[in-house]
Amino acid sequence: MLNKDFVLRKIKLVQEDLSRLEPLSHRSFEELAKDFVSYAATERLLERIVTRAIDLNRHIIAELGKGNEKVRTYEDTFSALSELGVYSRDFSLLIAPSAGLRNILVHEYDEIDPKKVYISVGKALEQYVRYCNFILEFLNKNS
């Protein structure tokens, strides 16, 4: 059974971070890249948004999945939600790559490309607003 309080708390945190990220989206790449504090905040906000979504995905899969979902990576959690009817397969293909950015930011696998971070801001604002809406709609249908 879905823990409605958990889901709503995570959605609220994602939405709060999206609202903090939004003003940073109005800066040019050069402005953001030159401002260490704003750039670091951008990285951290993106990381938190994606990590919280993955937490939500894993909760939904654990509670509503059939146990045969193929979830080996964080990207797979987004695909599994499409299989559970939370959103479309097309949307899962659109949002799943954000898990890769999260891994790069957390683990610093390679030197982080500031241009990729900058581009990710706009994508996150568009995709994660939709993600939150899909989760809330799904929660309402399954309450």
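Colleague: What should the 28 residues of H7 span at 1.5 Å a residue?
Modeller: They should span 40 Å. The end C-alpha atoms of H7 are 40 Å apart, so the two agree. Bear in mind that this is a predicted model.

Colleague: Where does H7 bend?
Modeller: At Lys123, by about 30 degrees.

Colleague: And what caps its N-terminal end?
Modeller: Asp113 caps H7 there. One of its side-chain oxygens lies 3.0 Å from the backbone nitrogen of Lys115.

Colleague: Which residues of H7 are buried?
Modeller: Among them are Val121, Ala124, Leu125, Tyr128 and Tyr131. Leu21 is in contact with Val121, Ala124 and Leu125, and also with residues including Thr42 and Ile49.

Colleague: Which residues touch the most other members of the largest nonpolar core?
Modeller: Leu21, Phe78, Tyr128 and Tyr131 do, in a core of 40 residues. Elements giving two or more residues to this core include H1, H3, H4 and H7.

Colleague: New topic. Is Ser92 buried or exposed?
Modeller: Ser92 has 0% relative accessibility, so it counts as buried. Ser92 sits in helix H5, residues 89-95.

Colleague: What does Ser92 touch, beyond four places away in sequence?
Modeller: Phe78, Ser79, Ser82 and Tyr87.

Colleague: Last one. Which element has the lowest mean pLDDT?
Modeller: Helix H6, residues 98-107, at 72. Helix H1 has the highest, at 97. The protein averages 91, and 94% of the residues score at least 70.

Technical notes. Residues numbered from 1 in each chain as written. Predicted model: local features only at pLDDT ≥ 70, side-chain atom pairs only at ≥ 80, totals over all residues. Heavy atoms only, no water. pLDDT = per-residue confidence, 0-100. Helix = DSSP H or I, 4+ residues; strand = E, 2+ residues; numbered from the N terminus. Buried < 20%, exposed > 50% of the residue type's maximum accessible area, 1.4 Å probe, protein only. Contact = heavy atoms within 4.5 Å. Core = buried A, V, L, I, M, F, W, Y, C linked by side-chain atoms within 4.5 Å. Expected span 1.5 Å × (residues − 1). Bend = angle between axes of the 7 residues up to and from the residue. Polar contact = N/O pair within 3.5 Å; in protein donor to acceptor, adjacent residues only side chain to side chain.
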